[in-house]
Amino acid sequence: MDIEAWVCEVPLREPLRISAATYHTQRSIVLRLRDGDLEGWGEACQSRRVLGESFEDALESLRASVDAIKRAEYDSLEKIHRFTEELNATPSIKAAVNMALLDLYAKSEGRPLWRLLGGFREEVRTDITIGIMRPEEMAERALRYAEKGFRIFKLKLGENPEEDVLRVKAVRDVVGDATIRVDANEGWTREDAVRVIERIADYGVELVEQPLRHDDIEGLRALRRESPIPIAVDESVKTARDALLVAKKEAADIINIKLMKSRGITGAIRIIMVSEAAGLKNMVGCFSESRLGITATAYLAQAFSNVLFYDLDCDILSADPVFTGGSEPIGDRRRASPKPGLGISPSNFNVLKKIL
């Protein structure tokens, strides 16, 4: 099997600010595995804060793993999972390799990946993320997306508790009965979280994501008992073992899965299984993936009935000219491609910088 890799970097249409950082571009490593006439695509997005890896870490990891990846087998889900788990690589590189091997597997079977994994639903409806700004600016941006047909809004909070309440109110005033979710990205203290959640409950918020530090499981447990709004965790869960701990501690109602955290689709499936057995619902989200990575996550969501919340807007927020096909957005809806595998094709190699 042959392997190639590129850096993919595209600008965001508008800066995205969260409690921990502000983002202006999306950067990832794109892989292509070739075996005869078949090719499998994967994508790796890094995060020092969440994954503990830098871009340089991931690139070094990939180069050190080339020989092992060339020998990988892809004729069963379990073989792909075991290979990914045992690969000596960073989380994002594991996720990209897992994605590419599954793309090869589904193509070898002549089936769309979402069908092969479970095939529960053909379409999902994504939210649109509104980064931290002044309340009136967030309301203006939400209204702009509402006019384009979006009905689910994810508001980034966690910078200033008092202003966070005003942000939610301002958006609610302009979007009517649309769905609002909020994400504090670990930005609140326990006391701030109790106070803010109690007040924003009046604005019909659907869920509150990662209100406390990822490792404050006891705090999340206590907050969930008091909260009038369902609590979702993101940074707190990277693996099925993390999901089991959250379930045992009754620290959340919803677990947000991201392929970079779970080391790929097969790791994410194990989180879904733990969640469903424990009575927790799942959400899917993204780091800064292009259409390629978003398609893989959308297909996971389309495969399993327990995934009920969708935050799959990275390629909508960016000027992504790199890939076509796959889970193409039509307004706020993402529908599966009938093509085998991920159904993705590169459309602009000029945007990609060859690294392997």
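Guide: About 80 Å³ of space lies in the largest cavity. This is a predicted model, where local features need pLDDT of at least 70, side-chain atom pairs count only at pLDDT 80 or more, and totals for chains, interfaces and linings use all residues. Residues are numbered from 1 along each chain as its sequence is written, and side-chain values use heavy atoms, with hydrogens and water left out.

Visitor: What makes this space a cavity rather than a pocket?

Guide: On a 1 Å grid over the protein atoms alone, a cavity is a set of points where a 1.4 Å probe fits but cannot get out, while a pocket is an open set with protein on both sides within 12 Å along at least five of seven lines. The structure holds 1 cavity of 30 Å³ or more.

Visitor: Which residues line the largest cavity?

Guide: Among them are Glu14, Thr129, Arg141 and Leu317; a lining residue has an atom within 4 Å of a point. β1 gives the largest share, 5 residues.

Visitor: Why do you say the largest cavity lies between domains?

Guide: Domain 1 (2-110 + 349-354) and domain 2 (115-346) both give residues to its lining, so it lies between them. Those bounds come from an automatic or database domain assignment.

Definitions and conventions. Grid points are joined across faces, edges and corners, and a volume is the space filled by probe spheres set on the points. Helices (H or I, at least four residues) and strands (E, at least two) are DSSP runs, numbered from the N terminus.
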